[in-house]
2 protein chains.
Amino acid sequence: MPLGKRTDCGDARFAGVELPFAELLCGFDFVVAPLVDPSHRRPALELPPGEAVQARLRTELMLSSAQWGGQIVGRTSPWIDPDSPDADAAALSARALAQELEWASFLGLQAVLVPAPPRLGAADNFARLLNRTLQNLSHMAVWVQLPLAVPKAAAAAAAAAAEEGGEGGGEEGEGGPPRDPWEDWQRLFSLCERSALLGVALEVGADLPPAPLVRRWLGQPLKALLLPTSVFTTNKRGYPVLSRPHQELAALAFRAGVQLVLTGESRHRVAPAPTQPPPPPLPPAAAAAGGEKAAAAGSGEQEPPHQPQQQQQQPPPAEGFPIVNPGESHPLRPYWEYLAYLFRRGGDPSPHEALEAGYRDYLQAPLQPLADNLESQAYETFEKGGGGGTAAARRLLRVYAVEKNPAAVVHIQAMVAREGWGDVVTIVSADMRTWQAPSPADILVSELLGSFGDNELSPECLDGAQRFLAPGGVSIPRAYTSYLAPVTTAKLHEAVRAYKDLEHWETPYVVKLHRFHTLSPPQPVFTFEHPNRADPTDNGRALTLTFPRRAEDGAGELHGFAGYFEADLYPGVTLSTHPSTHTPSMFSWFPIFFPLREPQLLPAGAAVGVHVARVVGRHRVWYEWAVTSPTPGVVHNPGGRSYWVGL
Amino acid sequence: MPLGKRTDCGDARFAGVELPFAELLCGFDFVVAPLVDPSHRRPALELPPGEAVQARLRTELMLSSAQWGGQIVGRTSPWIDPDSPDADAAALSARALAQELEWASFLGLQAVLVPAPPRLGAADNFARLLNRTLQNLSHMAVWVQLPLAVPKAAAAAAAAAAEEGGEGGGEEGEGGPPRDPWEDWQRLFSLCERSALLGVALEVGADLPPAPLVRRWLGQPLKALLLPTSVFTTNKRGYPVLSRPHQELAALAFRAGVQLVLTGESRHRVAPAPTQPPPPPLPPAAAAAGGEKAAAAGSGEQEPPHQPQQQQQQPPPAEGFPIVNPGESHPLRPYWEYLAYLFRRGGDPSPHEALEAGYRDYLQAPLQPLADNLESQAYETFEKGGGGGTAAARRLLRVYAVEKNPAAVVHIQAMVAREGWGDVVTIVSADMRTWQAPSPADILVSELLGSFGDNELSPECLDGAQRFLAPGGVSIPRAYTSYLAPVTTAKLHEAVRAYKDLEHWETPYVVKLHRFHTLSPPQPVFTFEHPNRADPTDNGRALTLTFPRRAEDGAGELHGFAGYFEADLYPGVTLSTHPSTHTPSMFSWFPIFFPLREPQLLPAGAAVGVHVARVVGRHRVWYEWAVTSPTPGVVHNPGGRSYWVGL
């Protein structure tokens, strides 16, 4: 049963539960359950017939194949350690891992949770075996389970060891420092060729790491947070609740589409299930809250103080939903209700958020307004933004609207007539670069900015059009600057990689970045001013930027660069997509994303250097970019071989 | 005119000369000459008509197109600095670089020498522009000129700055430490996507860096050493000679096929040219020494003490060879004669070296003797090696020669008859894994070793055959161990990359490694012993090796791993391809090379970790390998998807 519906969160299947045995769903969307009887420490298919737990699971839950696939996440045996120094144990582990994953795949599970073996930072055999399995999988996801933070005791021991002169390198012997789980994950992910099926599930502890160390996981394929009942505290009414930092973590997970998985035994037995028969029919909200089996828990007294379920109408349980022990309220139910409350507290998305949701992490090729004629939808999107320019235009004595797209001219004519501007506006169907104005203009208004400022060739267009301007005339915009920031976004890296060609690695994309992490704040790149009185004009640019990173933010992974712009329209009027100066309620531009063919692992504190050039050829303009530090990479798009904008 | 002929050195065109103006070849194979009049500091094609030097070069040398291509290496203008802080100078430089390279390409030059701009470690724009040119070139090579060693003065200044607390990072400001030229080269090479057309030419100074810092260049596309006349000393007869370390460097260059280029003015005017007319005909050796124009220098008195040319007969100068100023002996001639002497001092290659020369850096797929039947040539090659096993065999009472290849059986029958072993040897046409021996054997002799020891499935074959053995019987070999060492070999990296598919990156190759550098000594990998009394038998293996590297050996680049083996045939008798224990005069195996899809830059002192596994499936055996440190890479060949050996 979903926690609720929010259109920006897709299916809203965001909470699971880990049980030692898959007995109940008790409201949760899915159950994490062991694939093999935990008491057996042998490869699954080498058990005597009838002893394998999976068969019991299947019959007791009476699941259909679809339910099995949709509602069970398998968990492999935690004793598996293919890197064990004991060769026999290692061999046994290797067989067990392969067999359990094969079994899960055979069952049609959507995902399997794989507890990381001890010493994951050196678990090369584990990584190699997992990689081989991933190569053979077509749809089943594998979530490797890691701690979100180094356990305090281990960290303290490491700090003490470091003070005594212990080495701080990558070795993780008995007395060595605990490795950063993020780096262990990176190592595993790299060895597994960044498989699109490999994800990570993080165990949340009572103590959370600093926010930047949490946020960098958003750029990785983080699939689930494992939330033990032990991290819940108790409110004055005896219900399980989360601390504020944990609430924020849950909110972050909901926004990012990361599943929450409750683990551990109930520690808050607040809502004992009444005996049969069930009470009379309930009002819709309460019925929705617990479905059939939790209806008995719907009395006012037992409702937790956060009052879940009251704002939303739930669909009835889907046909075939596995109702096991229908008369019982599960002891983990209060946790589910609290998570549902947190989920719904996020509120409904704004219409704008709802609109954007469909574009999240969706790669779009940038517009080529000069070379192509845009479709009317693009114009309509432009008109939704743009601020108060139109009001100012009314005060002008005479307006020439120059439009090179014949189809758009028809659209503009209709708009001018609709708005009653016929006496003010003269519509000209021409290219501004070649049109001859009847008289010099005092103001030249244009909307030629792209997601990276100059990438739709505003500099070239306005250089061509500035001959309309009277001496002392002004251009709106009068200047604009592009910005870049290094980002982690495994999702977009995978999306570009899926094209399997060089061209897509060398193309900047317009994209609503969502599952990403900014590694260092944006820095200005190229600035253009209008009118441009330089002679000769040179709109080519090349520079190298260095992005510092704080050592305390840990290691990072670089997948590319997010691009933004700031435009100075007129004194006191700006337009910005830069995250920290973003124009409020302005949705006309998504950021741009410059991908990298090879992701780069960044040691803690290592600065990122990037060289970026805007190259102006005879018939086209393009960008070239390359990482220069910490490790130099290749120059992307040399000579505009993959991507360019036609003049 | 070549320095001499050595069959293992190919065309033996190994010495050029840099001249301020391409006036003469004076015995050298080629001339390095400026593409543009050095007095002009403007882009070549923006010079007033008639001022460009290239036109004069062409007419004065009366070169044919083929000669132009074969005998001139162009040099771009040294003032070019596209990363100049002066924007105008940078723009001018960018245009000049593009135009000079275009001009060189138009002339059909085989190579152009490009002096590195100041601050190459941060010359991103230079790298980007060079890369773009390389993308458009089809055959012309570009050699970037760098110092072999940091100049002493700069190094001393850096050391002083470091003592005063200066930073030791990658920044190379005015007071910062000088960068390692090798790292600058790596940065440029990376940014240029490791173009196959990009090479490096190193300026040799009076002081040479330690040998490991020189040798690591052998793994890079080092094309030339620039040898200034100033590094020559003078022997007691007044002739230019090199110090012993410089002689060793020259010998290294000759062996590696690296060209020597003499630069600078003559400082040893020992052989003034006599006036016309030329003396009477000379004996062949002296005539060969100087060709026509140097014949006058052929008297006994003026001959340098190293007596070049006397062992070899030179072919006459090729038709059309540009003899300019035929009556003069060029002042640089004594340097050429000394280099020719050094070259010939290397001596003629042994027949074995001559045989191997054709296989250097040539990738071969490993044999599959079990799955395929080999050709007779392979057997003949086997018979050339192998040591004294056959003599020992004669003493045995009865020999069964078991051969699964029917064609080879014919070959063996002939050999047995030829050697008169008919009474001792019974030839059996069968697979040893299934043949039933008439009686248990005391000794089981096999030759199933591959370049990586077990890679031709000796373990599986001998496990199958050991049932022939009587209790206490011995296997020859009785054990073997494979070895791996991390290596730099840009040449093989490029050779594998040229296939443009994944399969070739995941295949180990048999190859006579030549232009390579070992980053850390070989370490043992997998050991097999015979007879194998383990039950059950498991010939699968997996382990992680860590290769230490000394900080003083500088940064490195990892392209893959060289593999060797050592076999213990019988007590006191070994067979080895391991470089430090290699069996003398044994040529039956070349090393094996495990490539890496992505080269890895290794900081000075950073250890290399590799995980390698031998996986035994039902019908085939394969290896999987992955770099695990300093930066984890991908697992190569998971599941044997690209390479395997059939059982």
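Q: Where in chain A does A:E447 lie?
A: A:E447 sits in the loop between β13 (441-445) and α15 (458-465) of chain A; helices (H or I, at least four residues) and strands (E, at least two) are DSSP runs, numbered from the N terminus. This is a predicted model, in which local features need pLDDT of at least 70 and side-chain atom pairs count only at pLDDT 80 or more. Residues are numbered from 1 along each chain as its sequence is written, and side-chain values use heavy atoms, with hydrogens and water left out.

Q: Why is A:E447 called partly exposed?
A: Buried means under 20% relative accessible area, exposed over 50%, and partly exposed in between (1.4 Å probe, protein chains only). A:E447 has a relative accessible area of 40%, so A:E447 is partly exposed.

Q: Why is A:E456 called buried?
A: The relative accessible area of A:E456 is 9%, so A:E456 counts as buried. A:E456 also lies in the loop between β13 and α15 of chain A.

Q: Which residues does the UniProt annotation "active site" cover?
A: The annotation, from an unreviewed entry, covers A:E447 and A:E456; such annotations may be inferred rather than shown by experiment.

Q: What makes the pair B:E624 and A:R132 a salt bridge?
A: A salt bridge is a side-chain nitrogen of Lys or Arg within 4 Å of a carboxyl oxygen of Asp or Glu. The side chains of B:E624 and A:R132 meet at 2.9 Å, N to O, so the pair is a salt bridge. Across the interface of chain A and chain B, the rule finds eight salt bridges.

Methods: Chains lettered and ligands numbered in written order.
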